[in-house]
Each structure stands twice: as C-alpha cells, then as structure tokens.
Amino acid sequence: MPLLKIETLGSDVLRRRAGEMEVPAQDAELDQLIRDMFETMYDARGIGLAAPQIGLSKRLIVVDVGDESGKEMGPFALFNPRVVESSADTEKQEEGCLSIPGVTGAVERPYSVTVEGVDRQGNPVRIEADAMLARCLQHEIDHLDGILFIDRMSPLKRNMVLRKYRKQAAS
Ligand SMILES: [Zn+2]
C-alpha cells in the first residue's frame, strides 16, 4: 500500500473548506483510501490525519490516540464530523501537525467536546471526548475548515513557530 503525500503549509488545499462526503456501503476505493490514510499517519508518527492533508478536500478524518483516549477506543475513521458541544473549561497543551512538520506550540482549546459524525458503515456516531482525544478531534476537524493549529495561537507565538519552521525548512 502506498504512503500518501502529506501536504504542507503553503498548500491551498489546507486552507479550503472541505466538502461533505457520501458514505457508500460498498466502496473499495474508499476503504483503500482509509487504509492508506492510517498507514501514512502511522508512518509519520501522527495521531490524527484529515483528508485535506493528503490533498483531498473532503470531510474525513482518521484518529488513533492509542491509550490516551481513556475510553479504549481503537483507531477510527469519521465522516462529516462536527463539534456539537464544547466545555467552558479549557486546557493549553503543546500540539504539532504533520502538515507543519518539526515544530510544536501550545494551543488553548476546550477540554471536552462532543463530536457527531458518521462511521464507515454509515451509522451516526456520537463521541464524548476529553483531554488528548478531544484535542485531536478539534485539531482534525479544524483541518476540514481550512484552520491550522498555528491560527489558534497569539500572533507573537505564531510568528515564533513560523520563524522556527522556515529556518528548519531552509536548512
Ligand atoms: Zn494537523
């Protein structure tokens, strides 16, 4: 199975609002796409990947936060996910992004979220997540709206991260 090319900062597809997806019961190409997205994510040592990151402007994410979910949730793909509830409680934690490789920065986000979407079988799914899983879901869903984690930092911090990123990319 081929690894997919991960789009990086500067690529237009990362800034577009991705389109809603149909979830056909049988679609070998879609199954292959999901397998390739997982493989690409694991290869890059990520815990989440959104379709725009592999150049596909569609509302699909794959997530595997391992033991960090606290819910014993295995790897999952989610179509048309959206955050339907967010806690007033927030938490600031370091984040990175496979599309801005090599740099991290602290981002403040709601600590808990409820996310709804559709699974590969076409069934509606509702996930109540907190901590790492909540953060990962919010980060990946942001990708579907053309938002990157650096957009959620203060301009000062964002510039620091971008300077570091460009310096490293140039070397
Ligand atoms: Zn990302």
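Trainee: How many helices and strands does the chain have?

Mentor: Three helices and seven strands. Helices here are DSSP runs of H or I with at least four residues, strands are runs of E with at least two, and both are numbered from the N terminus. Along the sequence they follow the pattern α-β-β-β-β-β-β-β-α-α. Keep in mind that this is a predicted model: local features need pLDDT of at least 70, side-chain atom pairs count only at pLDDT 80 or more, and totals for chains, interfaces and linings use all residues. Residues are numbered from 1 along each chain as its sequence is written.

Trainee: Which strands form the open sheet, and in what order?

Mentor: Two strands count as paired if DSSP finds at least two bridges between them. In this model, an open sheet of five strands has the order 1-2-3-6-7, with antiparallel pairing. Strand 1 (48-50) and strand 7 (124-130) are the edges, each pairing on one side only. From one strand to the next, the twist averages 40 degrees.

Trainee: How many bridges join strand 6 and strand 7?

Mentor: Seven, in the antiparallel sense, with strand 6 covering residues 112-118.

Trainee: Where does helix 1 lie?

Mentor: Helix 1 (residues 28-43) lies across strand 1, strand 2 (60-63) and strand 3 (76-86), and runs at about 50 degrees to strand 2. Such angles run from 0 to 180 degrees between N-to-C directions, using axes fitted to C-alpha atoms, for helices over the stretch in contact. Contact means that C-beta atoms, placed from the backbone, lie within 7 Å.

Trainee: And helix 2: what does it span, from first C-alpha to last?

Mentor: An α-helix has 3.6 residues a turn, so residues three or four places apart point the same way. Helix 2 (residues 131-144) has 14 residues and reaches 21 Å, close to the 20 Å expected; that expectation is 1.5 Å times one less than the number of residues. After helix 2 comes Gly 146, with a positive phi near 75 degrees.

Trainee: Is helix 2 largely enclosed or open, and why?

Mentor: Largely enclosed by the rest of the structure, because 11 of its 14 residues are buried. Buried means 20 or more other C-beta atoms within 10 Å of a residue's own, exposed means 12 or fewer, and partly exposed is in between, with C-beta atoms placed from the backbone. The buried residues of helix 2 include Leu 133, Cys 136, His 139 and Leu 144.

How values were computed:
Contact = placed C-beta atoms within 7 Å.
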